[in-house]
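Notebook open, structure loaded. I'm going through the inside of this one and jotting things down as I go.

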Amino acid sequence: CRAWTPSPRRALDFSHAMLAVIFASATAFNGPARVPAAARSAVRMDMSASVPFVEKASKLGKGMLGDVGFDPLYLSDSMDLKWLREAELKHGRVCMLAVVGLIAPEFFRLGGPYYDAINPVEAVSKVPAVAWAQILGTIGGIEYFSNSGKMTMADMFTDSARVPGNTGFDPLKMKGAASADLQLKELKNGRLAMLAFGGMLTHCFLTGQPVLQGGLW
């Protein structure tokens with residue numbers, strides 16, 4: 001009986017096969033292939049900076065003051081960005097006043113049967129309809145005449161030089177070298193005030209108590 005001896009060609013093929021198995025086993029523990037740094041950077045650039053698991057809205061990230069990439073509902077994709085900034089600034093200003101208005105009646109009251117409530121929820125229902133008409137009429141008049149009646153998204157910024165939120169109101173003459181810094185502070189304080197107003201009002205609804213006396217602090 002003659003011992004079997006593999007041919008040189010079969011031995012070479014067998015060696016190649018063993019090398020392939022060894023290489024595959026070694027690379028199996030290295031995880032998935034690494035994505036080039038440029039590709040990873042491109043992916044990160046498309047994600048929102050403030051909500052990193054959400055894709056950034058296409059109009060954001062263009063250098064607008066206070067832009068942190070927060071638009072999870074993608075409103076800016078279908079609406080004018082300058083009009084949205086105008087709305088954000090106005091709501092922020094209203095809420096900064098509203099936060100003070102929620103707390104002030106606990107220390108100062110106008111008196112009379114309509115204005116003596118310290119709970120803001122009760123105060124709304126105590127104000128007569130005529131007074132509400134005056135309040136809403138005044139607000140509407142200010143809104144209308146502050147920009148010559150141009151209030152819609154279609155006509156508010158027909159003047160391309162108009163800056164969102166700039167109504168010319170600057171009694172303390174603070175506009176100057178630090179204008180951008182002050183604008184950013186106003187924007188951030190307005191955003192905080194919108195959250196604070198919502199939280200305080202929710203507290204009043206749930207507890208039936210005013211902000212400070214209801215144990216919020």
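**Cavities, core, cysteines**

A cavity here is a set of points on a 1 Å grid over the protein atoms alone where a 1.4 Å probe fits but cannot get out; points join across faces, edges and corners, and the volume is the space filled by probe spheres set on them.

This is a predicted model, with local features needing pLDDT of at least 70, side-chain atom pairs pLDDT 80 or more, and totals for chains, interfaces and linings using all residues. Numbering runs from 1 along each chain as its sequence is written, and side-chain values use heavy atoms, with hydrogens and water left out.

The largest cavity comes out at about 40 Å³. I listed its lining (an atom within 4 Å of a point), which includes Val51, Glu55, Lys56, Leu60 and Asp71.

I noted seven residues: Cys95, Val99, Leu102, Ala193, Met200, Cys204 and Val211. Helix H3 (81-103) and helix H6 (179-207) each give two or more of them; helices are DSSP runs of H or I, at least four residues, numbered from the N terminus.

Then the cysteines. Cys204 counts as buried because its relative accessible area is 2%, and the cut-off is under 20% with a 1.4 Å probe, protein chains only. Cys95 is buried too, at 12%. Beyond four places in sequence, Cys204 touches Asn119, Pro120, Val121, Gln209, Pro210 and Val211 (heavy atoms within 4.5 Å). I found zero disulfides, taking sulfur pairs within 2.5 Å.

Definitions and conventions:
Core = buried A, V, L, I, M, F, W, Y, C linked by side-chain atoms within 4.5 Å. Buried < 20%, exposed > 50% of the residue type's maximum accessible area, 1.4 Å probe, protein only. 1 Å grid on protein atoms, 1.4 Å probe; cavity = no way out; pocket = protein on both sides within 12 Å on 5 of 7 lines; lining within 4 Å.
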